[in-house]
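Take a look at the fold below.

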Amino acid sequence: MPNHKVISGDTHIVEPPDLYATRVSASLGERIPRMQRRKAANGKEYDAWFIGDLQASSLGGVTQAAKRFEDPSKLDFLSTWDEVRKGAYQPDAMIADLTTDGIWGAIIQPSQGLFWYHLEDSELLSALCHAYNDWIAEFCEPYPGRLRGIGMINLDNVVEACAELERCSKLGLAGVFIPVTPLPNWPYRHPIYEHFWWTAQDLDMPLLMHLATQRANVPGCEVSFDFKTFTAAGLRPTQDYWVRYALADMIFAGVLERHARLKVGSVEHEISWAPHWLKQMDYTYKERPVYRGFQSKEGLLPSDYWHRNMFGVFQEDDVAVQLLRHIIGVDNMIWGNDFPHSESTWPRSKEFLDRILIGVPEPEKNKITGANAARIFHFDFE
């Protein structure tokens, strides 16, 4: 276990049942998400978010921390609100749960909110982001040095996105999520986003791309609003494709040359994919210039922009730590426990860290498990 204050780069709240009903304009009527109780075919009761009669995801996938250590085959992704740990929605309880896990501070992220990016209703998505941003700022307020909230941004309208990004900064949030894949026909290389990149850099607000946050109707994406389109092949084994594409798209569009202080991160895609991706980007840049469409005025390779401007938040990637960390860049790696989700390492994060960090020099351990997160997201260790 590292000998310093450990920070989790990927810790989640679970949105309370009344979050949207009490914070979203009543003018949206039945479009406002509400939590309702249902009964599964096996008779088990569960709670899920509904928009009108349309069911979104149930609570089970984001509430069953520690059950994987009992019997993974018993994970059924069906839970009620009564089963949600208080640490997922009460800040004092979260600090207690983090302390149990050997963690001092955390980067705090949404749960259901991630899946709202699959909504076709852009107006509703913006309203949900706005409501969540207010709530997460209030959640983190009692522990501003230890709990650093991440907001949500709908990028469909860049002018509105810039205004909400500025509001998130004023609220004291430490960064924001953007979809790992934007709307079809509007990739991140498009100049329409230029003002947003500039605003994020100017405000020193890191941009995060989380697993499964594609916008609605992205061709080839199996992740959806209600979980029903998931397949084993389409989720964790291949989800890193989407973040690799998005980050490469930004690099080859010169976004990080024009905005040299911008920080962009991958969250929960693990990170062992990075060395091959970096090599292939550099190969394309040097050996296939006809395709690259970009000439660095700084004399940098694509991999240099990764090392200067980007980072990856991972959970259990011992291959990346043990074999690949110096290619990825120790300064570009942040560990997280993914509390309270079903795949979380909580409450056994110490065991996981002891295993994946074995033999790693202490200064490198400290960077991966705390110092990098503190630097990028401005934690206060005092």
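The radius of gyration is taken here over C-alpha atoms, and the globule rule is 2.2 Å times the number of residues to the power 0.38. With 382 residues, a compact globule would come out near 21 Å, and the chain has 20 Å, which agrees. Keep in mind that this is a predicted model: local features need pLDDT of at least 70, side-chain atom pairs count only at pLDDT 80 or more, and totals for chains, interfaces and linings use all residues. Residues are numbered from 1 along each chain as its sequence is written, and side-chain values use heavy atoms, with hydrogens and water left out.

The C-alpha atoms fill a box of roughly 60 × 45 × 40 Å, taken along the principal axes. The chain holds 14 helices and eleven strands. Both are DSSP runs, numbered from the N terminus: helices are H or I with at least four residues, strands are E with at least two.

Among contacts with a separation of 6 or more, 75% join residues 24 or more positions apart.

Next, the surface. The chain exposes about 15600 Å², and carbon and sulfur atoms supply 53% of that area. Accessible areas come from the Shrake-Rupley method with a 1.4 Å probe; for residues, only the protein chains shown count as cover. A residue is buried under 20% relative accessible area, exposed over 50%, and partly exposed in between. Of the 382 residues, 57% count as buried.

In soluble globular proteins, nonpolar side chains tend to be buried together. A nonpolar core is a set of buried Ala, Val, Leu, Ile, Met, Phe, Trp, Tyr and Cys residues joined through side-chain atoms within 4.5 Å. The largest core in this chain has 121 residues. Trp 116, Phe 196, Trp 197, Met 209, Trp 277 and Phe 377 touch the most other members. Helix α4 (residues 122-140) gives this core its largest share, eleven residues. A second, separate core has five residues, including Ala 40, Tyr 46, Phe 50 and Leu 78.

Zoom in on Trp 197. Leaving aside neighbours within four places in sequence, Trp 197 contacts Ile 178, Tyr 188, Leu 207, Met 250, Val 255, His 259 and Leu 262.

Move on to helix α14. This helix covers residues 362-377, 16 residues in total. From first C-alpha to last, α14 reaches 21 Å, close to the 22 Å expected at 1.5 Å a residue. That expected span is 1.5 Å times one less than the number of residues. Where does α14 bend? The bend is at Ile 368, by about 55°. Such an angle lies between axes fitted to the seven residues ending there and the seven starting there. Buried residues of α14 include Ile 368, Ala 373, Ile 376 and Phe 377. After the helix comes His 378, with a positive phi near 60°.

Finish in the loops. Between β11 (333-335) and α13 (349-356) lies Pro 340. The peptide bond from Phe 339 to Pro 340 is cis, with omega near -5°. Pro 347 is in the loop between β11 and α13 too. Its bond from Trp 346 is cis, with omega near 0°. Asp 338 is also found in the loop between β11 and α13. Asp 338 has a positive phi of about 60° although it is not a glycine, and is buried, with a relative accessible area of 0%.

Definitions and conventions: Buried < 20%, exposed > 50% of the residue type's maximum accessible area, 1.4 Å probe, protein only. Contact = heavy atoms within 4.5 Å.
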